[in-house]
Amino acid sequence: MASLAIKRRQRAAKLLVNETDGKERPMSKPVIEIRKLCKIFRRDSQTVAALENVDLKVNEGEFLCLMGPSGSGKTTLLNLIAGIDQPTSGELCVLGEDIASMSEDRLAAWRSANVGFVFQTFNLIPVLTAFENVEMPLLLTRLSAAERKEHVLTALELVGLADRSEHYPRQLSGGQEQRVAIARAIVSDPTLLMADEPTGDLDARAAEEVLNILGELNHEFKKTIIMVTHDPRAARHATVTRHLEKGQLLPLEEAVLSSSA
Amino acid sequence: MAVPLKYNWRNLIVRRTTTMLTAISITLTVAVFIVLMALANGLETSLTSTGHPLNMFIMREGSQAEGFSSVRRDELRVVKYLDGIATNDRGEPFVSAEAIVLTSLLRVGREQGSNVTIRGLGPKGMALRPEFKIEEGRMFRPGLREVLVSRRISKRFQGCRLGDQLKFGKGYWTVVGIFSAGTSAYNSEIWTDVVGLMEEFSRNDYTDVLVRVKSAEAAAQIRQLVTSDKRLHLKPVMEREYFESQMQTATPIRVFGSLIAVLMSIGATFAAMNTMYAAVARRSREMGTLRALGFSRRSILTSFVLESVLIAMLGGLLGCLLSLGINGVTTGTTNFASFSEMAFDFRVSPALLLTGMAFAVFMGLVGGFFPAWRVSRSSVVNALRSC
């Protein structure tokens with residue numbers, strides 16, 4: 001069983017490395033640089049500062065865990081980095097690009113090339129099978145149908161669900177759904193993986209499985225992961241944990257480097 | 001790259017009840033539109049295809065329809081020998097003096113009467129109408145109170161079947177034959193011997209004269225001769241032009257049909273719009289997810305509009321199938337020019353079906369656009385947050 005898993009991963013690793021233009025990126029290069037980032041929401045006449053003067057640097061290959069109470073701005077920060085929300089002010093440089101100034105269309109293309117999403121509620125398309133769900137991001141690439149199939153099956157194999165590829169989301173358990181969602185997030189081999197409360201809707205066992213997969217993606221495939229969570233267990237898989245409170249990023253107390261060795 | 005069509009198709013199948021109900025509203029609109037236009041088409045076909053290109057009616061000055069005309073016997077004598085009139089194979093002028101009488105007959109299965117044209121004519125009159133053919137029975141014999149009834153009138157009016165006794169004028173007439181006349185307006189008439197008919201109704205004057213001219217130039221020459229001859233108070237009209245001018249009968253049907261179709265289409269478009277608004281609201285988070293994955297606003301907009309168009313095409317297709325059922329069915333209306341029954345077939349043409357489909361697609365486009373626009377404009381974050 002274990003050897004099978006190893007073989008599977010070796011195959012997967014081969015495929016994924018092939019996708020990253022064959023170049024090994026040097027570690028510890030900052031992929032995200034944020035300075036004085038502010039996000040202000042206007043509700044009627046009131047303004048609410050969701051984020052205030054946030055400075056943050058994330059290096060390639062980091063597994064950053066954002067924690068904090070509800071309303072502290074962690075999801076807002078995640079959305080800004082992922083390029084699905086626009087900051088009110090400040091610098092937002094992700095993978096060397098100033099994404100705050102990009103047009104909606106360019107941003108969509110940028111997300112498709114660079115960011116994978118994992119949501120709390122999985123957000124699989126109910127009318128599509130696991131295979132078809134995972135294939136969706138690849139429809140935005142130039143891959144042929146045969147190449148897409150290969151990538152999708154590899155991604156599904158990586159999350160241990162190759163045998164469920166023809167199942168619809170309603171035929172899967174919550175944990176399986178989230179694993180399909182992870183396969184969807186990594187199928188186009190993005191540099192960044194954004195996970196917003198990925199274990200929030202899962203029971204303890206399924207949550208552990210999902211976190212293990214994320215940890216593995218970080219270790220073995222060098223994915224830079226940013227995860228928002230309430231779950232202290234989840235934070236154990238991270239290389240860095242940062243706390244937010246009332247829209248402000250608390251200073252780094254001490255490096256929580258549980259698994260960066 | 002676009003959101004795959006199977007995504008829309010499966011969503012339509014998942015909510016099949018709503019899909020079908022919406023499609024049916026479009027089906028009905030398209031069907032009503034096609035049926036009414038087929039009616040106008042059929043009527044127009046029967047009027048435009050009537051007449052030999054070298055046939056000419058000579059009728060009373062100022063009369064808008066044959067029924068209002070009269071031609072005196074002395075006028076007929078002049079007309080017969082006008083220069084430019086063709087001769088038949090026996091060397092006689094190819095001229096048919098005819099009489100028209102309207103009579104009220106009862107429709108099959110109804111107590112209500114309707115005016116039917118009875119045309120009195122002779123063998124030359126029949127020869128002048130090459131599409132004329134006796135389908136059943138035989139030719140009437142002059143002076144014996146016998147009539148030929150057109151197939152369409154025979155089906156639609158009481159006492160008009162072969163062998164029936166038909167009452168008009170002073171007594172009963174026997175139906176000895178059933179005729180057809182292509183797709184022309186003569187398909188709505190009863191024919192008998194002109195002399196017998198004029199005697200029956202104590203008429204001295206003919207109604208009008210149908211002549212065959214030698215050529216188009218000859219027609220112009222006759223026109224000139226007739227209008228300049230002080231003895232004649234007549235006007236020549238080409239047979240085709242005469243029937244085409246009666247197409248005003250079809251105009252109200254066309255206008256009314258279009259109006260009904262437009263009104264119904266507003267309803268159907270709102271139905272499609274309502275369905276799509278509901279779909280958009282329910283799938284807002286899916287759209288947010290697709291946008292996050294990198295699908296552009298335009299591809300989301302296109303996807304939803306296509307979904308609406310798919311419903312509309314389904315509806316349109318059903319509407320076309322439904323309306324095909326009336327293709328070739330005979331119906332009748334009063335010709336407002338001659339005040340007599342005009343029987344014709346509904347004509348559902350491929351062009352009309354295409355127009356119906358285009359109409360359906362248009363409803364789908366309009367109905368889908370606004371909901372699709374709304375979802376494609378909302379922010380990704382808001383879309384993801386909705387449930």
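Trainee: Quick one to start: in β8(A), what's the bridge partner of A:Leu193?
Mentor: That's A:Ile225. Before we go on, this is a predicted model, where local features need pLDDT of at least 70, side-chain atom pairs count only at pLDDT 80 or more, and totals for chains, interfaces and linings use all residues. Residues are numbered from 1 along each chain as its sequence is written, while chains are lettered from A and ligands numbered from 1 in the order in which they are written.

Trainee: And how do β7(A) and β8 of chain A run, parallel or antiparallel?
Mentor: Parallel, with five bridges joining β7(A) to β8, residues 224-228 of chain A. Helices (H or I, at least four residues) and strands (E, at least two) are DSSP runs, numbered from the N terminus. Two strands pair if DSSP finds at least two bridges between them.

Trainee: What makes a β-α-β unit with those two strands?
Mentor: Helix α7 (residues 204-221) of chain A does, and the unit is right-handed. That means that, with the strands pointing away from you, the path from the first strand over the helix to the second runs clockwise.

Trainee: Which strands are in the whole sheet, and in what order?
Mentor: Six strands of chain A, in the order β6-β7-β8-β3-β9-β10, form an open sheet with mixed pairing. The edges are β6 (115-118) and β10 (248-249) of chain A, each pairing on one side only. Over four bridges, β6(A) and β7(A) pair in the parallel sense, and A:Phe117 has A:Met194 as its bridge partner in β7(A). Strand β3 (residues 63-67) of chain A runs parallel to β9 (residues 240-245) of chain A, joined by four bridges.

Trainee: Is β7(A) mostly covered or mostly open?
Mentor: Mostly covered: five of its five residues are buried. Buried means 20 or more other C-beta atoms within 10 Å of the residue's own, exposed means 12 or fewer, and partly exposed is in between, with C-beta atoms placed from the backbone. A:Leu192, A:Met194 and A:Asp196 point one way from β7(A), and A:Leu193 and A:Ala195 the other way. In a regular strand the side chains alternate between the two faces of the sheet.

Trainee: How is chain B divided into domains?
Mentor: Domain 1 is 5-48 + 248-385 and domain 2 is 62-232; the bounds come from an automatic or database domain assignment. In chain B, 13 residues of domain 1 are in contact with 18 residues of domain 2. On the domain 1 side of chain B that touches domain 2, β12(B) gives the most, with four residues.

Trainee: Last one: how many residues of chain A are in contact with chain B?
Mentor: 18 residues of chain A, in contact with 18 residues of chain B. Helix α3 (residues 104-114) of chain A brings the largest share of the chain A side, six residues. By class, that side has eleven nonpolar, three polar and four charged residues. Here Ala, Val, Leu, Ile, Met, Phe, Trp, Tyr, Cys and Pro count as nonpolar, Asp, Glu, Lys and Arg as charged, and the others, Gly among them, as polar.

Technical notes: Contact = placed C-beta atoms within 7 Å.
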